[in-house]
Every structure is written in structure tokens, then in C-alpha cells.
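Please read them alongside the sequence and coordinates.

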Amino acid sequence: MTDTSAPIGLTAARATPAAERDPKQLQRWIFVGLFLFLCAAPWFAYPIFVMKILCFALFASAFNLLFGYVGLLSFGHAAYFGMASYVAAYTAKFWPVTPEIAILLGTATATLMGLVFGAIAIRRQGIYFAMITLALAQLVYFFAIQTPKFTHGEDGLQGVPRGYLFGIFDLANDMTLYAMVLAIFMGGMLLIHRVIHSPFGQILQAIRDNEPRAISLGYRTQRYKLLGLVLSAGIAGLAGATKAIVFQVATLVDVHWSMSGEPILMTLVGGMGTIFGPMVGAAVIGVMQNYMQGLGSWLTVTQGLIFIFCVLAFRAGIVGTIGRLIRRDI
Amino acid sequence: MSPEPVSDVPADDIVLSGTDLVKGFKGFYAVDGVSLQVRRGSIHALIGPNGAGKTTLFNLLTKFLTPTSGQIRFDGRDITGLKPAEVARLGVVRSFQISAVFDRLTVLQNLRVALQRKAGDGFRFWETENRMRRFDDEAEALMEEVGLEGFAHTPAAALPYGRKRALELASTLAVDPKVLLLDEPMAGMAHEDIDRIADLIRHVAQSRTVLMVEHNLSVVASLSDRITVLARGKVLAEGDYASVSQDPQVVGAYMGEGLHA
Ligand SMILES: Nc1ncnc2c1ncn2[C@@H]1O[C@H](COP(=O)(O)OP(=O)(O)OP(=O)(O)O)[C@@H](O)[C@H]1O
Ligand SMILES: [Mg+2]
């Protein structure tokens with residue numbers, strides 16, 4: 001009869017660790033350090049460049065909320081990022097709204113899209129989920145091509161005014177703009193941090209680890225996964241909308257499938273399922289792209305090689321590997 | 001075909017039942033016309049050789065698989081059309097043959113997640129984890145019951161196999177089920193732990209019903225009120241241990257291994 005596994009003595013096991021190691025403690029300090037670092041950053045780096053990295057760091061972190069903590073690999077996050085970018089750019093340019101309202105409208109659009117796409121895709125798992133999200137994102141891409149009145153086709157929406165934050169602060173000033181982007185970034189990251197450590201986040205991680213078990217305890221897991229996706233899509237939209245105001249453009253690049261690849265790359269390089277991994281990945285990739293612009297199309301090849309190296313050498317990513325070394329979740 | 005020796009039991013004494021359950025997989029039937037009635041408050045064992053269809057039957061009863069045909073009733077209610085999560089919410093909770101715990105969560109977190117399900121407000125993504133501390137006393141008591149004291153902050157993945165089984169049992173108990181379906185709860189455990197878990201199951205069954213698959217026949221003999229023997233998807237025999245172990249068909253199905261406890 002069965003019993004293939006040899007009996008393992010329970011008493012032999014060591015009961016460790018004695019005290020609860022609260023990972024949040026360390027994470028809070030890292031957040032404080034990060035904030036101070038980012039406050040100082042515009043004095044030693046180009047503010048626009050730092051803002052670009054912050055937008056992508058938030059985008060990648062939103063993707064990782066779904067990939068690392070729900071276990072769903074989305075190949076279509078460009079849909080949320082890009083459509084929010086279009087909506088923010090369009091409303092900022094043609095509607096009499098202040099930039100924060102434009103960003104909110106972009107974010108709301110992405111959140112709603114997350115709900116609709118999620119309702120379609122959430123039943124699928126693994127590669128099927130990835131394929132459906134890719135297909136839906138392609139649909140959004142073709143929609144963007146087919147509606148030049150809204151997206152201005154190949155040209156994209158250009159010359160988007162940065163406007164006045166709350167109608168008061170002139171965002172034409174790079175430092176004022178930087179303050180807004182930093183606030184959005186920190187807000188988004190703290191929201192992600194909160195979600196992960198909430199009761200809801202615990203349940204998401206349980207579902208990620210063993211969905212049948214969660215179901216057998218009575219969890220209607222699809223609703224949890226759907227809410228996880230909606231939050232992820234909304235925060236990806238927040239990143240895209242902010243990017244549109246910072247760079248004053250929204251183009252087809254934002255909804256192109258290759259844009260869906262960016263957060264995947266950043267997350268894997270930085271460390272999936274870690275809080276700070278995606279932003280480290282975004283910084284590494286951002287700096288790399290900046291310094292290797294001269295390489296032209298070789299940039300893509302170099303990126304690919306680095307990607308392969310990371311996946312082979314540090315499967316846990318940069319932050320994941322560090323976390324293992326210091327035995328902490330970061 | 002399937003014997004029905006319990007048909008004389010009053011209907012409301014039956015808490016969980018399957019009638020003429022069939023499950024076909026590509027050309028063969030893993031469960032082939034099984035009727036099973038589980039009496040309220042009993043410990044009912046399901047035994048049979050490898051591949052007999054025991055786990056498949058569990059999957060049908062808890063709706064993790066949809067039966068090709070047949071009916072499932074719980075507490076007099078037809079639950080054949082329900083989703084697995086809904087069956088669990090009614091109080092029919094199963095464990096898995098291959099240990100199922102939340103690997104990257106600690107033992108305490110595993111139990112908090114299970115206890116949270118009953119509380120019902122799991123969608124609060126804006127609250128802190130501290131909210132789950134309200135379950136800690138209950139979690140502590142469960143850990144003690146299954147012998148996991150001192151392991152609260154160990155990640156489930158780092159537990160030895162036997163302790164994972166104990167954790168799975170504890171989290172099953174955490175959702176306060178009416179009927180527990182345990183698929184080989186003691187596989188991989190050492191002797192002293194088998195005794196402890198057997199005592200626990202006996203204790204648990206005072207206020208609940210247990211249907212369990214178990215290969216350890218001495219455990220089956222000492223624990224169960226009733227035994228159903230399954231072979232090749234069909235019920236071979238049913239009754240108490242003494243009568244089942246005498247049954248020549250049962251002895252034959254075990255191919256000379258015998259049923260000596
Ligand atoms: N999803 C599936 N698809 C195809 N065949 C399956 C599936 N699940 C189970 N089977 C087959 O159905 C038969 C019954 O399997 P089941 O797991 O129910 O047996 P079991 O009595 O639990 O055996 P064991 O004692 O080894 O756990 C086996 O032949 C198995 O290979
Ligand atoms: Mg089995």
C-alpha cells in the first residue's frame with residue numbers, strides 16, 4: 001500500500017525561530033531611507049531622469065503585486081499603463097482640468113479596465129492567463145491605432161501641458177513636478193506595502209501558495225484574485241498617467257506589447273515577490289538604457305543577455321538574493 | 001452491485017451521502033457507481049488498494065471534481081451543483097493526500113488565514129496584519145492540539161512532513177467543519193505522532209463527523225465505526241472492522257497482504 005514517504009520523526013525537528021521576525025520593521029526603515037534618498041536625488045541626478053525611473057518603478061511594483069503575490073503572470077500590463085497615459089494626456093490637454101484630476105481619471109480608467117479584463121481572464125491560470133492578458137492588451141493597442149481622434153495615431157498626444165497642481169503650483173518648474181511625482185510614487189508604494197501586509201494580502205499569498213487548499217477552506221479565490229488584479233491595474237495606471245504629465249506625451253509606445261515586457265524584466269532582475277525588488281530592477285534597467293543608448297539596437301541584445309544572466313545566476317533577483325543572505329523579507 | 005447495508009438508518013442520521021456516483025476519465029471509470037452514506041457523528045473509514053478511487057471519491061464529494069453522474073447530499077440538501085468553496089462553507093472540509101499548506105507563510109499565518117475565513121472580512125486590503133492577531137489565541141490552542149507548539153513562526157515549507165500533516169489538520173479544524181474528509185492524515189508520521197493524531201481525531205469526532213482514507217489498518221481498526229472498502233471504483237464491502245476483514249473479496253483485493261491489524 002502507499003506510504004511511499006518514510007516516516008519522519010516529528011520530535012527531531014527544531015522549533016525555530018522563537019520570536020516573530022517582523023519583516024515590516026525593516027521594511028519601514030528602508031522606506032524612510034528611500035524617501036530621504038529620493039528627496040536628495042534631484043541634487044545629484046537629472047530630475048527628469050529620476051522621475052522616469054520612479055514612474056517605471058511604480059509600474060513594475062504594480063505588476064509585481066499581481067505576479068509576485070498573487071502568482072499571476074500578466075503579459076498585458078501595457079494596456080493599463082498606456083490607456084491611463086492616453087486618458088491623462090487627453091484630459092490634461094483638451095479638458096479644463098488640473099493635472100491631478102487628469103492623473104486620477106487615467107488611474108480610474110485603468111482600474112475599470114482591470115475589472116473588465118480581470119472578469120474575462122481570472123479563471124485562467126499560468127500560461128493561459130498570460131496569453132489572454134496579452135490578447136486583451138493587443139486589442140487595446142489596435143483600439144489606440146483605430147481611434148486617431150483620441151490618440152492622434154502615430155504622432156501620439158504631444159505637448160501635453162503640465163499645468164498647475166491643484167490649480168496653484170506651477171509644474172513647469174521641474175522641482176515642483178518632482179515633489180508631486182515623489183509623493184505619488186511614495187503613496188503608490190506604501191499602498192502596495194499595505195495591501196501585501198493586510199489580511200487580504202495574506203489571503204492572496206495563501207492562494208498563490210496553494211489555491212486548492214484555500215478553496216477547501218472555503219475561500220472564493222477568484223474574487224480575491226480579481227481584486228488583486230484590479231489594484232495592480234489601477235496602480236499601473238497611476239504610473240502611466242503620471243508619466244504622461246511628466247513627459248508631456250502619450251504615444252503608441254505606451255500601449256505596445258513591448259511595454260508589457262518592461263515590468264516583467266524589471267521585476268525579475270530586482271526580485272519577484274519582494275517589496276523593493278521591482279524598483280531596484282527599474283533603476284538598474286533605467287540606468288543601463290541611459291548609458292547604453294549609443295549601442296542602438298544592440299541595447300536590446302545587451303538587455304536580453306543581462307536578463308538571461310540574471311535568471312540563471314540570481315533566480316531570486318537582486319533584492320531577493322540580498323533578502324536571502326540577511327534572512328529577511330525586503 | 002453496491003451493497004446498501006445502511007439503508008435502514010433514518011434519513012436525518014445521514015449527514016453526507018453520495019448516490020450512484022460515477023467519474024469517468026478518458027475511457028475508464030475511476031469511480032464507478034459508488035453509493036456511500038456517512039452517519040452523523042461517526043468516524044467512517046474509506047480503504048482500498050492504490051488506485052481504487054478513494055481520492056477521486058473525495059474530490060467528488062467536495063466538488064473538486066464534477067461527477068459524470070450521481071448525486072451528493074449534505075444535511076438533506078442536494079449539493080451536487082455547488083462549487084467547491086461553497087461546499088466548504090457549508091461545513092464539508094477536506095484535506096489533501098499530498099500535504100497542502102501555505103508554504104511561504106508561517107505556521108501561525110497559515111492558521112490565521114484559516115481562522116480569517118470564518119470571520120469573513122477578508123477583502124480589507126487597507127487594514128494592517130495586526131487585525132489578524134485577534135485569531136492568535138485560537139491559533140495557539142490549535143497548535144497545541146496537534147503538537148505544533150513552538151513552531152508558530154516557522155515557515156510551513158521548513159516543517160518536516162509529519163508536521164505539515166499536523167498543520168493541515170489544524171487548519172482544517174480552524175474553519176470549524178461539520179464533516180471532515182481526511183485523505184491519509186497520518187501518512188509519513190512517526191508512531192508517537194500517529195497515536196496523538198488518532199486521539200485528536202477521536203476527540204474531534206465527538207462533535208463532528210469524520211470520513212477518512214487511511215492505509216494504516218491498525219488505526220482504521222481502532223478508530224472507525226464503519227468501513228467502506230473500495231476497489232477499482234466500486235464498493236467491495238461495507239461494515240465494521242470485524243465483518244469487513246473477514247470478507248473473502250476484501251482479502252482477495254488486498255492480494256494476500258491480509259487485513260491483520
Ligand atoms: N485527473 C485524473 N485524470 C485521469 N486519471 C485519474 C485522475 N485522477 C485519478 N485518476 C486515476 O483514477 C484512478 C483512481 O485514483 P485515486 O487517486 O482516486 O485512487 P486512490 O484510491 O486515492 O489511490 P491511492 O491509495 O494511491 O491514493 C487511478 O487509476 C488514477 O490514476
Ligand atoms: Mg488517494
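1. The second largest pocket of this predicted model has a volume of about 560 Å³. A pocket is an open set of points on a 1 Å grid over the protein atoms alone, where a 1.4 Å probe fits, with protein on both sides within 12 Å along at least five of seven lines; the volume is the space filled by probe spheres set on the points.

2. Its lining (residues with an atom within 4 Å of a point) comprises 20 residues, with R123(A), I215(A), T221(A), Q222(A) and K83(B) nearest the centre. Two or more residues each come from helix 4 (99–121), helix 9 (211–216) and helix 10 (221–247) of chain A, and from helix 2 (84–90) of chain B. Helix 10 of chain A gives the largest share, five residues. Helices are DSSP runs (H or I, at least four residues), as are strands (E, at least two).

3. The magnesium ion (ligand 2) is coordinated by T55(B) through OG1 and Q97(B) through OE1, at 1.9 to 2.1 Å; donors are N, O and S atoms within 2.8 Å of the metal (3.2 Å for Na, K and Ca), and sites may look incomplete because water is not among the atoms. T55(B) lies in helix 1 (residues 54–61) of chain B and Q97(B) in the loop between strand 6 (92–94) and helix 3 (107–119) of chain B, 42 residues apart.

4. The predictor gives the complex an ipTM of 0.91 and a pTM of 0.89. Chain B has a mean pLDDT (per-residue confidence, from 0 to 100) of 89, with 93% of its residues at 70 or more.

5. Residues are numbered from 1 along each chain as its sequence is written, chains are lettered from A and ligands numbered from 1 in the order written. Local features need pLDDT of at least 70 and side-chain atom pairs 80 or more, while totals for chains, interfaces and linings use all residues; side-chain values use heavy atoms, without hydrogens and water.

Methods
pLDDT is the predictor's confidence in each residue, from 0 to 100.
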